[in-house]
Amino acid sequence: MADDSSAFHTGQTGLIIQIPEAEPAVRRWRERLDPSARAGVPAHVTVLFPFLETSRTDALVHSALAHVLGSHPSFDLRFERCGRLPGVSHLVPEPDTQLRQLTEAIADRWPEAPPYGGRFTEIVPHLTIAQGQEDAVLEDIETDLAGSLPFTSHVSSVELIVYDGTKWQERASFALGERSRS
């Protein structure tokens, strides 16, 4: 999600994958150090942020999202380690291929909504724990989380969330397709 809550504006939307299995480990850190958590966003991996303004997310967009996302099979993610981006501590989802494919599929369908507003050229799937912190704080987080890893999460849907000016709210959930049996 965005760098801080001042970057959120009413009517903004995003597409996320909720990772409830992460909550016991990351909740207390996220509530203190991740503005999106304080604004009501659960532990998640972002598929696309920002997405279309809520005024544009009509029945046709919902139908197109259901079609695009439903063409991708459900999958499992494993979280075994922490990672860092500048000033950010996060959990690394593995494998991340399907996450990248979901982001690319949505961005291809809605090119006016590039990942992270076009600020970054590479898609780096991650579950943010803390933002804007010094290395010592990030090291404390990583030490604390070591005992909670690894864990696995089954991904079967993508949620459309909307910022109402105060909190992020889930607006719709879109099922992924059936997992392929090999």
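The legends below accompany views of a predicted model of a protein chain.

**View 1. Overall fold of the protein chain, with its 5 helices and 8 strands.** Read from the N terminus, the elements follow the order β-α-α-β-α-β-β-α-β-α-β-β-β. The radius of gyration is 16 Å, close to the 16 Å that the globule rule gives for 182 residues, so the protein chain is as compact as a globular protein of that length. The C-alpha trace spans about 45 × 45 × 30 Å along its principal axes.

**View 2. Surface and charged side chains of the protein chain.** The accessible surface amounts to about 8,800 Å², and carbon and sulfur atoms contribute 48% of that area. Buried residues account for 49% of the 182 residues. The protein chain carries 16 positive and 26 negative side chains, and the centres of these two sets are 3 Å apart.

**View 3. The aromatic pair of Phe49 and Trp168, one of 7 aromatic pairs in the structure.** The two rings are arranged edge-to-face, with 5.9 Å from centre to centre and 70° between the planes. Phe49 belongs to the loop between β2 (44-48) and α3 (59-70), whereas Trp168 belongs to strand β8 (residues 168-175), so the pair ties together parts that are 119 residues apart in sequence. Phe49 counts as buried because its relative accessible area is 6%, which is under the 20% cut-off. Trp168 is likewise buried, with a relative accessible area of 4%.

**View 4. The aromatic pair of Phe51 and Trp110.** This pair is also edge-to-face, with a centre-to-centre distance of 5.2 Å and an angle of 85° between the planes. Phe51 is placed in the loop between β2 and α3, and Trp110 in the loop between α4 (97-109) and β5 (127-131), so the pair ties together parts that are 59 residues apart in sequence. Phe51 and Trp110 are both buried.

**View 5. An aromatic cluster that contains Phe49 and Trp168.** Together with Phe8 and Tyr163, the residues Phe49 and Trp168 make up one aromatic cluster.

Technical notes
Residues numbered from 1 in each chain as written. Predicted model: local features only at pLDDT ≥ 70, side-chain atom pairs only at ≥ 80, totals over all residues. Heavy atoms only, no water. Helix = DSSP H or I, 4+ residues; strand = E, 2+ residues; numbered from the N terminus. Rg over C-alpha atoms; globule rule 2.2 N^0.38 Å. Buried < 20%, exposed > 50% of the residue type's maximum accessible area, 1.4 Å probe, protein only. Areas by Shrake-Rupley, 256 points an atom, 1.4 Å probe, with all protein chains shown as cover. Lys, Arg positive; Asp, Glu negative; His and termini not counted. Charge placed at Lys NZ, Arg CZ, Asp CG, Glu CD. Phe/Tyr/Trp six-rings, centres within 6.5 Å; stacked < 30°, edge-to-face > 60°.
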